[in-house]
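Work through the exercises below with the sequence and the model open. Each task is followed by a solution in steps.

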Amino acid sequence: MSLWFCLPFAGLLACIAVLPLLKSEWWEKYRSAVVAVWSLAFVVPFAAAYGAGSALESVLECMLNDYLTFIVLLFGLFCVAGNITLEGDLVGAPGTNLVLLLIGTLLSSCIGTTGASMLMVRPVIRMNAWRRQRSHIMVFFIFLISNLGGCLTPIGDPPLLMGFSRGVPFFWSLRLFPILVLNMAILLFIFYRIDSRAYRWEIAQGRRPEIQGGGMGIRLEGAHNLIFLVTIVAAVILSGVLPGMPFFQDGEGNVLGIRIFREVRLTYPAMIEIAMILASAFLSFKTTTKEIRRKNHFTWDAIKEVAVLFVGIFITMQPALVILKSMGGSLNLSEPFQMFWMTGALSSFLDNTPTYLVFLTTAGAMGFTGGVSTVVGTVPVKMLTAISCGAVFMGANTYIGNAPNMMVKSISDENGICMPSFFGYFFWAVRVLIPVFILDTVLFFL
């Protein structure tokens, strides 16, 4: 496939980065049309070159097997987390913010980066509502909770779930804990210094924190929704386990499902996952009072924005993924540090799950005899560590690197926080994250 087919993807990313800066109101009104134009800019030439049937098959494959489960998971977590609120003596001070970021980071490996982000984002925003300088808090929130914290289990981030479904042991990723601790300690230290300076400025300006609960301690409202959150996490785990069970496979090992068009199937495991998530979201709304959503300033704007943008991203990035898959074995990536940076760089802009799988497959085909045995071959521990960290950690480099990033940005914007632009956020990542990743390279991957 020609590199020319990647131009719509590049064009869409350029629009996401530039138009909110140049014409923000126009972008808010017409972003759906922009996404549609760039999607057609890929689909129409692809149909002309390879046939309308192949184009339809490619789009359906992307929409049903990638985008559908992706957006349903986001929707379910968005709904359930929106029905949980934290009330009480919460003050947006540096120490309190640091503790919540630490808790959220560790929680990410238990309920996923998306689940932890949706659960923690509103309490963090509300406790800092009295402050003007808040954007740095949400930037570090994305760094830690929406990305790095998901590295310890397959539940934490989809790439690791993909590795688990390919034979990587479930608890293998716990060996990444020392790397996470180092990165978390550095980032929390930097955050505390920045937030302390901003906090002193707020106090000097005459602003004072407000006690949210009138001195009544801390309490969790809508706590029964944690059951639905656990159900969604279970659905995600099943999506990685069920396809490998003989009951869900035909005689050739293909996952069973409903044939939609040509070789495109909506698999039964995906249907089970979707049903469980949507049922959880529905029951969450039926069993929770509107008052909790009002306290959370709950609206549908954030999920709408993410749904629109990512449908275009998923469609237009297909040529890049196809080219990456075809070139994976010819990139001469034989060292762990090379895998770390290449996997991470591409995961910053492409879906990190297929990127992880490409490089896992590439490493498995190199003929190593020692390491972790997977269905794609034996991968040395250091190499698998580098691929895993690259895919999970460097999703934090851009807003589109991982789904929770854009969701946290949208919710923050919605609540009056002036978040950095696409380039502004990327500049934060270059200044803060890249030096940390260089240190990771020296200590763990050379």
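A nonpolar core is a set of buried Ala, Val, Leu, Ile, Met, Phe, Trp, Tyr and Cys residues joined through side-chain atoms within 4.5 Å; buried means under 20% relative accessible area, exposed over 50% and partly exposed in between, with a 1.4 Å probe and protein chains only. The model is predicted: local features need pLDDT of at least 70, side-chain atom pairs count only at pLDDT 80 or more, and totals for chains, interfaces and linings use all residues. Residues are numbered from 1 along each chain as its sequence is written, and side-chain values use heavy atoms, with hydrogens and water left out.

**Exercise 1. Find the residues of the largest nonpolar core that touch the most other members.**

Step 1. The core has 128 residues, and those touching the most other members are Met138, Phe140, Phe141, Phe143 and Met407.

Step 2. Helix 3 (residues 52-81) gives this core its largest share, 14 residues. Helices are DSSP runs of H or I with at least four residues, strands are runs of E with at least two, and both are numbered from the N terminus.

Step 3. Take Phe143 and leave aside neighbours within four places in sequence: its contacts (heavy atoms within 4.5 Å) are Leu148, Ala396, Tyr425, Trp428, Ala429, Val432 and Leu433.

**Exercise 2. Describe the course and packing of helix 17.**

Step 1. Helix 17 covers residues 422-445, 24 residues in number, and its end C-alpha atoms are only 29 Å apart. A straight helix would reach 34 Å, taking 1.5 Å times one less than the number of residues.

Step 2. At Leu433 there is a kink of about 35°, shortly before Pro435. The bend is the angle between axes fitted to the seven residues ending at a position and the seven starting there.

Step 3. Buried residues of helix 17 include Tyr425, Trp428, Ala429, Val432 and Leu433. The helix's buried residues pack against helix 1 (7-22), helix 5, helix 7 (177-204), helix 13 (336-347) and helix 15 (381-393).

**Exercise 3. Is Asn128 buried or exposed?**

Step 1. Asn128 sits in the loop between helix 4 (94-127) and helix 5 (135-144).

Step 2. Asn128 counts as buried because its relative accessibility is 1%.

Step 3. Beyond four places in sequence, Asn128 touches Gly92, Asn97, Arg134 and Ile137.

**Exercise 4. Summarise the whole chain.**

Step 1. The protein chain has 17 helices and six strands.

Step 2. Of its 446 residues, 54% count as buried.

Step 3. Among contacts between residues at least 6 apart in sequence, 80% join residues at least 24 apart.
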